[in-house]
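This report describes a protein chain in plain terms. Look over the sequence and the structure first, then read on.

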Amino acid sequence: MLFFAIASTAFSQNKINVIQGNYDFLKDQTEVNVQLKFDNAAYQEKNLSEAQYIESRKADITARKGDKVWDNWTYQWEKFKTSEYLEYFYKGINAKSKKIKFKNDVKAKYTLIIDAKWIYAGWYGGMIGSQEAKLTADLLFVETDNPSNVIMKLQADKIQGKKMNDQFSWEYGRIAAAYEITGKKLGTEIKKVLK
């Protein structure tokens with residue numbers, strides 16, 4: 001019984017689960033707007049707030065690498081949150097979903113809100129090894145003009161990013177890779193339905 005519980009929990013991870021609705025509303029669409037949200041995101045195993053996570057990274061980075069590296073880290077962190085995570089998501093989903101293009105700031109009937117709930121940043125140890133980032137997020141398709149009307153809700157459950165390389169040596173790169181894989185997985189699901 002315990003084995004079954006562990007196996008079923010592990011099986012539900014690293015995939016996208018439908019919570020409410022279905023993909024039928026997308027059948028006649030050519031574009032979907034996308035927004036990212038981080039308001040309720042927790043970080044790492046300890047479920048830190050973003051402020052707590054940044055504070056712990058500041059202490060570590062400034063002690064080991066200095067203020068100049070820290071300044072670059074904070075710049076990159078904000079840049080990835082405001083644009084790069086979206087770009088990686090588009091790279092993943094638009095490679096799979098050919099009939100519908102996912103973009104930001106388009107006047108589309110529907111908007112996909114990617115509401116991050118838990119982010120595990122992984123780690124990079126060079127030749128020693130590394131661990132990919134993971135993303136858990138609610139994926140909400142809403143009416144663009146009436147965002148309180150949720151058409152479909154999915155959950156991306158601990159979606160694991162790509163295998164490491166030095167492009168992803170900092171956590172914002174690893175997290176971006178988890179957004180890309182989330183896009184690929186969602187695009188694959190949509191493609192199955194919209195054949």
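Gln44 is buried, because its relative accessible area of 15% is under the 20% cut-off. The model is a predicted one. Gln44 sits in the loop between strand 3 (42-43) and helix 2. Its phi is near 65°, a positive value in a residue other than glycine. Most residues other than glycine have a negative phi. Lys158, in strand 9, also has a positive phi, near 50°.

| Residue | Relative accessible area | Class |
|---|---|---|
| Gln44 | 15% | buried |
| Ser97 | 3% | buried |
| Lys158 | 29% | partly exposed |
| Lys162 | 27% | partly exposed |

Lys162 is found in the loop between strand 9 (146-160) and helix 4 (171-193).

Ser97 belongs to the loop between helix 3 and strand 4 (101-103). A polar atom of the Ser97 side chain lies 3.1 Å from the backbone oxygen of Ile100. Apart from neighbours within four places in sequence, Ser97 is in contact with Phe102, Gly187 and Ile190.

Which residues have the most contacts inside the largest nonpolar core? They are Tyr85, Phe102, Leu112, Phe141, Tyr179, Leu186 and Ile190, in a core of 49 residues. Two or more residues each come from strand 2 (31-37), helix 2 (50-65), helix 3 (67-96), strand 5 (110-120), strand 8 (134-143), strand 9 and helix 4. Helix 3 gives the most, with ten residues. Tyr179, one of the residues with the most contacts inside the core, touches several residues beyond four places in sequence, including Leu36, Tyr85, Phe89 and Leu135.

Helix 2 and helix 3 also pack against each other, at an angle of about 145° and with their axes 8 Å apart. The crossing of helix 2 past helix 3 is right-handed. On the side of helix 2, the residues that meet helix 3 include Tyr53, Ile54, Arg57 and Ile61. On the side of helix 3, they include Trp70, Trp73, Trp77 and Glu78. By class, this contact has seven nonpolar, one polar and seven charged residues.

Methods. Residues are numbered from 1 along each chain as its sequence is written. This is a predicted model: local features need pLDDT of at least 70, side-chain atom pairs count only at pLDDT 80 or more; totals for chains, interfaces and linings use all residues. Side-chain values use heavy atoms; hydrogens and water are left out. Helices (H or I, at least four residues) and strands (E, at least two) are DSSP runs, numbered from the N terminus. Buried means under 20% relative accessible area, exposed over 50%, partly exposed in between (1.4 Å probe, protein chains only). A nonpolar core is a set of buried Ala, Val, Leu, Ile, Met, Phe, Trp, Tyr and Cys residues joined through side-chain atoms within 4.5 Å. Contact means heavy atoms within 4.5 Å. A polar contact is a pair of N or O atoms within 3.5 Å; within protein, one must be able to donate a hydrogen and the other to accept it, and residues adjacent in sequence count only if both atoms are side-chain atoms. Axes are lines fitted to C-alpha atoms, for helices over the stretch in contact, and angles run from 0 to 180 degrees between N-to-C directions. A crossing is left-handed if the near helix is turned anticlockwise from the far one by less than a right angle, and right-handed if clockwise. Ala, Val, Leu, Ile, Met, Phe, Trp, Tyr, Cys and Pro count as nonpolar, Asp, Glu, Lys and Arg as charged, and the others, Gly among them, as polar.
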